[in-house]
Amino acid sequence: DTPTYRNNAFPQLIMVALGNQDRDLGSIRPLLTESFDREVLSDLQYRISWINTVIKSEPMLGLLGTVLGMIAAFGKIAAATQTGVDPKQLADDISFALVTTAVGLLVSIPLILALSFIQVRMGRLLDHVHRPARGERASASRARRLREPRLRVARRDHDAVLLRSRR
């Protein structure tokens, strides 16, 4: 049985952090990020896949209803060539076809909007989790500057040329 805290992302990440509290903060952050990706994000993506399945299948079910309604309508027209067709019977079959199409769209369109909203929220959450901490950003920026000394010199020379051209 899965403990109840496993159903929420925040308590799950806290349990990982508490399990590794003997480590320094710099080494815990990658563990939390990896745990988030492996357990929380994969669970969210699994759940979204079901929404996506409904979104894709619902218009097909509506289309199936449309085809069945039209087959019934044309079947009545073909069977009653000599006596004529009762318009009410045709209208019932065509109405069935249109209702099933509308139901398919009424289910799919809100789910498409909800899925889009969820995906944007997941993207923001993912960006937030993978964003480096303030200290990591400063050290990464410092390391990048140290790796690219020629770029700094080139910028300085470019700025000097600009200053000389303005004089």
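In the predicted model, Y46 and W50 are both located in helix α2, where a spacing of 4 residues sets them about one turn of the helix apart. The two side chains form an aromatic pair of the edge-to-face kind, with 6.5 Å centre to centre and 85 degrees between the planes, and the structure holds 1 such aromatic pair. Both partners lie on the outside of the fold in terms of accessibility, Y46 being exposed and W50 likewise.

Along its course, α2 shows a bend of about 35 degrees at F36. Helix α3, formed by residues 87–130, has 44 residues and spans 63 Å between its first C-alpha and its last, close to an expected 64 Å. The buried residues of α3 are L90, D93, A97, T100, G104, S108, L115, M122 and V129, and α2 is included in what covers them.

At the level of the whole protein chain, 5 helices and 0 strands are found, giving the pattern α-α-α-α-α when read along the sequence. Among the contacts in the chain with a separation of 6 or more, 66% are accounted for by residues 24 or more positions apart.

Note on methods: Residues numbered from 1 in each chain as written. Predicted model: local features only at pLDDT ≥ 70, side-chain atom pairs only at ≥ 80, totals over all residues. Heavy atoms only, no water. Bend = angle between axes of the 7 residues up to and from the residue. Helix = DSSP H or I, 4+ residues; strand = E, 2+ residues; numbered from the N terminus. Expected span 1.5 Å × (residues − 1). Buried < 20%, exposed > 50% of the residue type's maximum accessible area, 1.4 Å probe, protein only. Contact = heavy atoms within 4.5 Å. Phe/Tyr/Trp six-rings, centres within 6.5 Å; stacked < 30°, edge-to-face > 60°.
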